[in-house]
Amino acid sequence: HIMYRMGVLAALRSKSLGGQAVGVMITASHNPVGDNGVKLVEPMGEMLPISWEAHASRLANATDEGLEACIVELAAAVGADAGVRAEVVVGRDTRPSSVALALAVCDGVGALRPGAARSLGVTTTPQLHYVVRCQATAAQGDRAYGLPSLPGYSDKLVEAYSKLIAPTPGFAPLTSPTRYSPRVVLDCANGVGAMAMRPLLPRLRDLGLEVQLANDGGGELNSGCGADFVKLKQCQPSGVDTSDVRGVSFDGDADRIVYFFGGAGDGFRLLDGDRIALLLAHFCADLLQKAGLRDKVRLGLVQTAYANGASTARAVKALGVEAVLCAKTGVKHCHHAATSLDIGIYFEANGHGTAIFSDAFVAAAERAAASGAQEVSAAAKRLLLLRDVINEAVGDSVSIFLAVEGILRLLGWSCDDWLSMYSDLPYRQIKVVVADRGAFETTDAERKCVRPEGLQAEIDRLAAAAGPGGRAFVRPSGTEDVVRVYAEAATE
């Protein structure tokens, strides 16, 4: 029912864009195996515009008797030309329900002829975004994003990683002798990430990176494993021991990633999305300085209210206060804010995020790369190679994994070096059931509550009583009648 209508919606979106390909991903991401969900993808790999969410809700809630009239009205409202051939790319995760739901999407596309649905089969969410973006840029020749296929995705990432880590004259690891260890255990959440990684393993081994897969399909999806579990429980996932090796966790559809190391209990250390973002920003800032582009290219970091205050302070110290932006919770808001930067890095603490590079950055870096000065040219080329490793369309566990491994290798850093960039402030995060989440209204990227009246004043009073570094906010959930509460301070 819902998935059929989302197929209709995707066809309408494609027709409204003159027949450009759009994507539909059947996945409930990091949620339990019994849950279902769907994500729609724009031609350049972005998420569906916020303005179309109302159209999706209207279509999903229409009665069977009123469906045809609803489709006709929506088509007129969005300017969808019925004669244009719709093109929709469909992917699905490993849930048992996903096959039937993907077929329902294809049926929905077929209801708005002319139209075609291309099935990628089982795929990660970022792979679907990649293929859709490749199709949109196929006519751009050398500027095309890549080959629109799953092997094309693998080839692009491994080749870019290989070039990124290749020895460059004048560039040795910043830490000498290197403390980087080329061994990783990767928790795939018993999801589709394992299928994306397996073809890469022999090639990465040839490049000196040994990756051992865990939770690679033999257990229940997202149960006791995966990025969300590791982040929330602050412990190793089931079947993984990182006493002497660093660990990485993907989520079920491979668009979130967190790192961790140390043994069980008090020895466990988490390197979450905040720390991944700072690592990328640190690396880019250093290369921009060496390339003579620090004052010509705007590098910035986008966080949400959930970013630990210590990470924000460290980012401000490294980049400047104007280069650290705060957006509403949700990667669609972070992605939009990042487009205002030349190198826009955005991550939520849960490990969902990526980096965006503007055309102005690419032009400036290419000019610097053509420079006769060895260090300037080498730094600019390495920045462009990092861009090739990163999937700009969406948060991508595989892409960010290779980017992080490349950066740690080039810096010569261990996980302890990375962790030492800052120390997290103690924090607590809970949710409170309420009768009506609509009674709560926020502003300032959800950091201030304007309704109910007087609530923010009480929050400010309690935060001030916690001493320097005290901070708290509340925000209504977007999906259930609960209010989410976050608080942090300098001490427990």
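Is Gly239 buried or exposed? Gly239 is exposed, with a relative accessible area of 74%; here buried means under 20% relative accessible area, exposed over 50% and partly exposed in between, with a 1.4 Å probe and protein chains only. Gly239 sits in the loop between α9 (227–233) and β7 (246–250). Helices (H or I, at least four residues) and strands (E, at least two) are DSSP runs numbered from the N terminus.

Two points on reading the model: it is predicted, local features need pLDDT of at least 70, side-chain atom pairs count only at pLDDT 80 or more, and totals for chains, interfaces and linings use all residues. Residues are numbered from 1 along each chain as its sequence is written, and side-chain values use heavy atoms, with hydrogens and water left out.

**The whole chain**

Along the principal axes, the C-alpha atoms fill a box of roughly 70 × 60 × 45 Å.

Switch to a surface view. The protein exposes about 20400 Å², of which carbon and sulfur atoms supply 53%; the areas come from the Shrake-Rupley method with a 1.4 Å probe. Buried residues account for 55% of the 492 residues. Colouring by charge shows 48 positive and 55 negative side chains, and the centres of the two sets lie 3 Å apart. Lys and Arg count as positive and Asp and Glu as negative, while His and the chain ends are not counted.

**The nonpolar cores**

Next, select Met197, Ile345, Phe361, Phe401 and Trp418. Within the largest nonpolar core, which has 95 residues, these touch the most other members. Such a core is a set of buried Ala, Val, Leu, Ile, Met, Phe, Trp, Tyr and Cys residues joined through side-chain atoms within 4.5 Å. Helix α10 (residues 273–290) provides the largest share of this core, eleven residues.

Centre on Ile345. Apart from neighbours within four places in sequence, its contacts (heavy atoms within 4.5 Å) include Ala277, Leu280 and Ala281, together with Leu299, Gly300, Leu301 and Val302. Then select Ala56, Cys70, Val90 and Ala104, which are among the members of a second, separate core of 33 residues.

Move to Arg13, in helix α1 (residues 2–16). Arg13 is buried, with a relative accessible area of 12%. Leaving aside neighbours within four places in sequence, Arg13 is in contact with Val22, Glu42, Leu48, Pro49 and Trp52.

**Backbone exceptions**

Most residues other than glycine have a negative phi, and most peptide bonds are trans.

- Select Arg113 and Pro114: the peptide bond joining them is cis, with omega about 0 degrees. Pro114 belongs to the loop between α4 (98–110) and β4 (115–122).
- Select Arg451 and Pro452: this peptide bond is also cis, with omega near 0 degrees. Pro452 lies in the loop between β16 (448–451) and α17 (455–465).
- Select Asn190: its phi is near 55 degrees, a positive value. Asn190 is in the loop between β5 (183–187) and α7 (193–197), and is buried at 8% relative accessible area.
- Select Asp444: its phi is near 55 degrees as well. Asp444 is in the loop between β15 (441–443) and β16, and at 38% relative accessibility counts as partly exposed.

**Last stops**

Select Lys448, in strand β16. Lys448 counts as partly exposed, at 35% relative accessibility. Residues up to four places away in sequence aside, Lys448 touches Glu441, Thr442, Thr443, Gln456 and Asp460. The C-alpha atoms of Lys448 and Asp460 are 9.5 Å apart, and the two residues are twelve apart in sequence.

Finish at Asp436, in the loop between β14 (427–433) and β15. Asp436 is partly exposed, at 47% relative accessibility. A distance drawn from its C-alpha atom to that of Ala378, 58 residues away along the chain, reads 57 Å.

Technical notes. The place of a charge is taken as NZ of Lys, CZ of Arg, CG of Asp or CD of Glu.
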